[in-house]
Amino acid sequence: MGPRIYSHDTPVQFYSEIKKRQEVSTKTERGRSRVLGIIRTPPPAWRRARVPRPSLAIRTVQSITPLTVRTFSASSTRSDSRQIKFTSDAYPNLKRDPKFAEISAEDVTYFKELLGSQSAVIDGVTTDAKDDIEPFNSDWMRKYRGHTRLVLKPKNAEEVSKVLKYCNDHKLAVVPQGGNTGLVGGSVPVFDEIVVNTSRMNQIHSFDAATGVLVADAGVILEAADQYLAERGYLFPLDLGAKGSCQIGGNVSTNAGGLRLLRYGSLHGSVLGLQAVLPDGTIVDALSTLRKNNTGYDLKQLFIGAEGTIGLVTAVSIQCPPRPKAVNVAYFGLESFDQVQKAFLAAKGQLSEILSAFELMDGGSQKMVIEATGNKHPLEGEYPFYCLVETSGSNAEHDMAKLESFLESVMSDGIVADGVLAQDETQFQALWRWREGITESLSHLGGTYKYDVSIPLSDLYLLVEDCKARLTEKGLVGDDESFPVRAVVGYGHMGDSNLHLNVAVRQYSKEVEKAIEPWVYEWIQKRHGSISAEHGLGVAKREFIGYSQNETMVKLMKQLKNLYDPNGIMNPYKYI
């Protein structure tokens with residue numbers, strides 16, 4: 001069955017033709033799972049509101065070819081990594097701290113003896129391992145690149161403890177690294193810091209079906225954790241476009257937000273406990289599985305979002321909700337951001353307890369997905385804004401009725417212009433890829449300046465419009481190679497006022513960067529927003545933290561950093 005499409009612009013003759021098809025299909029295919037054409041006639045009340053045009057029509061849509069959702073694999077940068085500019089060159093104000101020692105052959109020998117397995121050490125100090133090390137030296141966006149010559153892959157907290165203690169004693173700087181899918185350069189070295197990669201710490205230790213608590217190593221891939229939970233009727237309370245590569249330790253260390261924060265909240269709420277290793281080798285065992293533990297400071301919160309600057313997270317216990325038995329997705333077009341806000345307000349009011357996602361995409365971002373994939377868009381017309389709404393519940397009939405009622409309401413009120421409702425799992429995934437495929441589609445254009453920000457909802461899209469106007473006024477935006485900027489687009493999570501501003505460029509340049517920064521942060525500061533909603537600070541936003549945090553808060557953060565990491569070996573040159 002094709003997706004249901006709602007439109008109040010269907011011609012009368014088209015509606016009549018479809019109604020005939022409905023009558024035929026009902027006679028010939030009743031009882032079968034596949035029925036072509038209209039499912040039902042428009043509700044009488046709605047038809048009265050839109051005479052002579054029917055306000056609801058449902059038509060079949062071409063099947064949507066699945067997108068390749070991600071290009072987050074570290075190996076994807078390997079073939080032409082020589083073109084990636086070194087971070088130390090891109091940020092000339094950053095200087096290697098002379099207090100850090102340089103890695104020696106003796107250091108490498110110690111680590112090889114400690115970790116044992118040949119695959120646990122990638123040695124570029126005593127051997128030529130440039131090609132093997134390069135994926136750990138650079139990010140998937142091709143924006144950040146370090147100079148590390150040593151990658152270590154411990155398999156448990158005890159090995160991490162010995163690695164960090166040795167590094168701390170010998171003043172060797174360290175970069176914790178998981179799936180390396182970040183956007184701000186937080187997981188790649190700047191200079192020659194040792195990369196401590198968590199990919200070998202990939203065991204799921206336990207799951208309690210009664211409480212829904214999962215205990216797993218930091219190196220477990222997010223998608224693998226969710227698949228494990230799916231077999232047991234639960235889901236991981238976080239979903240990202242990079243789920244096939246990102247690791248849950250990195251998710252926790254960056255306090256990743258994701259697509260369903262609206263429903264399940266942030267990791268600050270769902271993480272019940274964690275295990276981490278401090279720079280001096282101390283293993284912090286706070287791997288509680290209790291939802292209530294009101295005995296002293298909740299120290300685990302310090303590691304959530306700390307980006308590996310005070311310790312390395314090695315394991316996590318997390319509260320996982322039951323997997324919804326019924327999931328529905330609607331995708332629709334709107335004529336203005338004012339209409340988007342009205343649709344979101346209506347969704348919160350009418351869908352309430354089953355609303356799990358409300359995603360915003362502008363027309364420019366969707367055109368890029370079309371250009372990158374060649375796929376047919378699910379809607380026939382073009383609109384300046386698109387939204388994706390997901391509901392999750394336990395009663396399919398009840399949830400579908402609520403979603404259809406919501407769609408009928410927002411369309412009869414003139415809020416939504418056109419929309420489609422997924423009818424099966426394939427269409428469900430296909431519609432989501434119009435949202436999740438944006439990041440990869442942008443990667444085909446060259447480079448992207450990405451700004452992950454929180455702004456009061458009423459001004460959310462204004463930042464995209466103002467940024468586009470600013471860059472156009474400076475003569476930086478155009479269709480041919482003489483212009484550095486290809487496009488300025490925006491998308492994000494309406495449910496938590498989180499916008500992803502993307503400036504797609506033919507190549508990274510200081511001219512474009514200076515036009516955007518610090519202007520974009522000043523714009524956000526004036527509206528009391530946050531310069532980083534979910535991607536962290538890393539290298540990219542370290543110097544701009546003052547736009548979101550006052551002097552007192554920054555001072556307290558530095559005191560914590562100095563307390564836990566007095567030698568400053570953990571992820572230096574970043575965060576604060």
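Biologist: Which helix gives the most to the lining of the largest pocket?

Modeller: Helix 14 does, with six residues. Helices (H or I, at least four residues) are DSSP runs numbered from the N terminus, as are strands (E, at least two). This is a predicted model, where local features need pLDDT of at least 70, side-chain atom pairs count only at pLDDT 80 or more, and totals for chains, interfaces and linings use all residues. Residues are numbered from 1 along each chain as its sequence is written, and side-chain values use heavy atoms, with hydrogens and water left out.

Biologist: How is a pocket defined, and which residues are the closest to the centre of the largest pocket?

Modeller: On a 1 Å grid over the protein atoms alone, a pocket is an open set of points where a 1.4 Å probe fits, with protein on both sides within 12 Å along at least five of seven lines; lining residues have an atom within 4 Å of a point. Here 32 residues line the largest pocket, and Lys243, Arg260, Arg323, Phe428 and Gln429 are the closest to its centre.

Biologist: Where does the largest pocket lie?

Modeller: Domain 2 (204-319) and domain 3 (325-426) both give residues to the lining, so the pocket lies between them. The domain bounds come from an automatic or database domain assignment. Helix 7 (222-230), strand 11 (326-334), strand 13 (385-393) and helix 14 (425-436) each supply at least two lining residues.

Biologist: How do the lining residues of the largest pocket divide by class?

Modeller: Ala, Val, Leu, Ile, Met, Phe, Trp, Tyr, Cys and Pro count as nonpolar, Asp, Glu, Lys and Arg as charged, and the others, Gly among them, as polar. The lining has 14 nonpolar, six polar and 12 charged residues.
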